[in-house]
Amino acid sequence: MEFELDDDQRAWLEEVRDFLRTHVTPELRAELAEHDLEFKGGEVAAFRRAIGEKGWFGLNWPVEYGGLGLGAVHQHLLMSEFEYWGVPGPDLTVTSVAPMIMRHGTEQNKAEFLPPIARGEMICAVGYSEPDAGTDLASLRTRAVLDESTGEWVINGSKIWNSGAQRSTHEWLCVRTDPDAPRHKGISVIIVPIDHPGVEIRPLIAWSGYRTNEAFFDDVRVPATNLIGEVNEGWRYITGALDLERGALTNAGDLRRSVEDLVELARKPRADGRVPADDPVAVRRLAGLVADVEAATLMGYEAASLLAEGTIPTVEVSTEKIFTSELRQRIADTAMDLLGPEGLLAHRNPEAPLAGAYERLYRTAPLLRFGAGTNEVLRDVIAQRGHALPRSGR
Amino acid sequence: MKLVPSQEETDLRGMLRDLLAAECPTTLVRALREPGADRFPAPLWKSLTAAGVLGLPFAEAYGGADGRLDDVATYLLEAGRALAPSVVAGTLGFGIAVDRLGDDALRGRVLPPLCAGELRGTVALADPGDAHDVRPRLSARRDGDGWRVSGRLEHVADADVVDRVLTTAAVDGRTLAVLVDPRAEGVDVTPLEAMGGPGQFRMLLDDVPVEEVVDAVAVDDLRRVSHTIAALRCVELVGVAEEALRRTVAHAGSRHQFGRPIGSFQAAQHLVADMHIGIQAARLSALAAVAALGRGELAVRESAVARMHATVAAKRATLDAHQLHGGMGYVLETDLHLWSERARVLSSLDGSADTAAGWLAEEVGLVHD
């Protein structure tokens with residue numbers, strides 16, 4: 001095992017940091033603070049274009065698909081750095097959808113979808129969960145039926161937690177194509193343009209203020225060639241994509257920043273004059289968070305190293321996902337305890353410490369504990385796949 | 001950065017696992033704990049010497065394997081799993097201390113017999129409960145060309161079976177590193193009745209002649225060695241925890257209650273998953289600390305992080321192992337307590353997670369005095 005970044009990795013990290021120093025402007029920060037990602041045609045859009053110009057949307061893709069041919073470790077370092085800076089980087093389309101198209105897609109799938117994804121022009125919302133199919137994803141009911149006369153898939157059903165659909169161009173949609181097959185066998189993945197007739201997107205606003213969506217599909221027709229890979233093989237593709245998604249979502253870059261900021265804040269007097277770091281109990285809790293961020297970082301490095309070797313490290317990524325998501329809640333809770341009543345001051349309140357970042361984090365953190373596979377199911381995965389314990393009845 | 005074991009690491013680990021499985025069964029571990037037993041494991045020692053374990057990190061010129069500190073960590077992962085007698089790791093730590101602190105002449109005298117299995121040692125360089133506190137426990141006085149030391153050392157490992165103890169003594173405001181022969185006149189060695197069975201000793205030294213390692217040794221040099229040995233013991237804790245987990249999974253997969261293996265119950269699986277997660281954090285952070293120390297860094301931050309994770313993970317893994325074994329793991333004949341005690345002993349020596357949190361808090365500027 002090699003723990004130090006090698007020369008190539010160090011140079012890469014420097015290149016990423018140079019880019020961020022140039023492109024993360026006060027204007028971008030101001031737009032993100034006020035609108036998150038929802039302001040159309042503004043600084044975030046320009047920032048995305050700059051990322052696209054660097055070729056970083058396809059940084060870990062083979063050169064033949066319009067990528068830079070860099071490895072999973074490069075991607076992980078970049079994602080962690082973007083998270084540390086608190087700016088949007090390559091999204092799920094790039095980190096989990098595209099690799100599955102490369103791995104499992106038809107030649108036409110690859111030619112049609114990969115180049116626009118690499119340019120940042122095609123953005124997918126991920127359509128997995130349904131109102132009655134959440135953690136038990138394999139019970140999904142959205143149907144696609146092939147109309148032999150026109151050669152089109154006809155889609156009916158609905159999806160929920162369809163995050164980013166309002167900013168997306170396409171759905172990476174998980175549908176049932178064989179209702180008679182066993183649950184996991186009759187599922188396929190179809191790409192659906194979001195502006196197609198019959199697609200309707202309705203917002204759902206979460207506790208954190210985050211917008212997610214419900215998506216409805218009413219006799220939506222797409223060409224047969226929009227089906228990814230082979231029909232009825234979709235379960236393999238989405239579980240693979242979910243592993244990648246967990247890996248991409250759970251780098252510890254944002255957590256490192258949160259803890260560094262908190263250590264800094266804890267050394268300064270609060271509004272009531274108290275200095276949190278004068279309290280040994282507070283110091284002990286902060287030291288625990290620092291140690292946990294280091295472990296989370298190493299877990300991310302390990303998962304990226306394994307990905308670079310060509311394996312999908314399901315157990316390692318599950319471990320990292322559980323650890324980082326639960327750590328995020330500990331950070332938020334510790335921060336609010338240390339900041340006292342001042343910590344209650346809301347996100348975007350200029351009087352709040354760090355503009356209410358921890359007040360919001362407390363509301364944001366629950367998402368990643370149940371999202372992208374609940375931690376309970378992922379604990380089952382560790383026990384069953386990592387240690388060969390028998391399947392539970394659940 | 002590439003956190004995947006190399007082929008060499010995998011091969012070394014496999015070789016050590018096979019060797020220890022054959023030569024260090026729990027019957028040996030138990031026998032060494034019996035009252036009045038000869039505590040030196042001669043046949044195991046001979047096999048480990050033949051396999052080159054005692055020379056792993058030392059230069060070929062001294063009979064070593066010219067390996068990295070990481071190779072010693074690989075040994076300790078397996079030593080933790082097999083509960084290998086501490087005199088092996090202790091002697092490796094002693095050799096590392098001589099290698100780092102001594103001059104060529106001393107290395108030339110100590111390391112060849114050590115690599116050949118003919119010299120055994122241990123260190124007492126820090127507060128037994130705080131690896132970062134390297135203030136000398138003994139005082140020294142000049143005696144002709146040499147030195148004599150006096151004072152008291154607590155929790156010295158294996159003082160009954162080692163040939164030399166590397167420790168420090170204060171003289172005129174500076175620190176002297178010395179080698180003590182525990183059988184020299186003026187040394188009183190008393191076994192401590194403690195968890196984990198015999199193996200820890202109190203040494204009372206009354207004007208004992210000693211061999212100089214280095215005069216006016218720098219605090220950071222001592223800390224580097226002390227943290228290196230402590231980080232290696234964090235790796236050992238990981239091995240202890242891994243074996244507790246392995247035994248637990250084996251038990252939970254085969255023990256049936258209510259008509260199904262208890263390992264199929266989600267509550268049991270989640271305990272297993274939490275053991276796994278804790279061990280991952282511990283394993284990665286302990287190996288990261290060893291790697292940093294192997295590069296010659298002081299690595300207080302990495303050492304603290306390793307200790308904070310390794311102690312917690314090993315205690316949790318062993319105590320949750322008891323929970324999942326129930327009565328089957330509570331009776332002495334199933335041996336589980338051997339790992340539980342090792343986990344607890346190694347979590348007290350060198351410092352608890354709270355002690356290490358203090359090192360870390362200082363590193364990140366949270367404590368000032």
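Select helix H5 (residues 92–104) and helix H6 (residues 107–118) of chain A in this predicted model. Their axes come within 10 Å and cross at roughly 160°. An angle over 145 degrees counts as roughly antiparallel, and H5(A) and H6(A) are therefore roughly antiparallel to each other. The crossing in which H5(A) passes H6(A) is left-handed.

Show the side chains between the two helices next. From H5(A), pick Thr93(A), Val94(A), Ala98(A), Ile101(A) and Met102(A); they meet Asn109(A), Lys110(A), Phe113(A), Leu114(A) and Ile117(A) of H6(A).

Move to helix H3 of chain A, residues 43–54. H3(A) has 12 residues and spans 17 Å between its first and last C-alpha, close to the 16 Å expected at 1.5 Å a residue. Select Val44(A), Phe47(A) and Ile51(A), the buried residues of H3(A). Viewed down the axis of H3(A), these buried residues fall within an arc of 60°, so they line one face of the helix. An α-helix has 3.6 residues a turn, so residues three or four places apart point the same way. After H3(A) comes Gly55(A), with a positive phi near 80°.

Now go to chain B and select Thr168(B), in strand S4 (residues 164–171). Thr168(B) counts as buried because it has 25 C-beta neighbours inside 10 Å. Beyond its neighbours within four places in sequence, Thr168(B) has contacts that include Leu125(B), Pro136(B), Val217(B) and Leu222(B). Leu138(B) is also in contact with Thr168(B): the two lie 30 residues apart in sequence, with their C-alpha atoms 6.5 Å apart in space.

Key. Residues numbered from 1 in each chain as written. Chains lettered and ligands numbered in written order. Predicted model: local features only at pLDDT ≥ 70, side-chain atom pairs only at ≥ 80, totals over all residues. Helix = DSSP H or I, 4+ residues; strand = E, 2+ residues; numbered from the N terminus. Expected span 1.5 Å × (residues − 1). Buried ≥ 20, exposed ≤ 12 C-beta atoms within 10 Å, placed from the backbone. Arc of directions from axis to C-beta. Axes fitted to C-alpha atoms, helices over the stretch in contact; angles between N-to-C directions. Parallel < 35°, antiparallel > 145°, perpendicular 65-115°, else oblique. Left-handed = near helix turned anticlockwise from the far one by under 90°. Contact = placed C-beta atoms within 7 Å.
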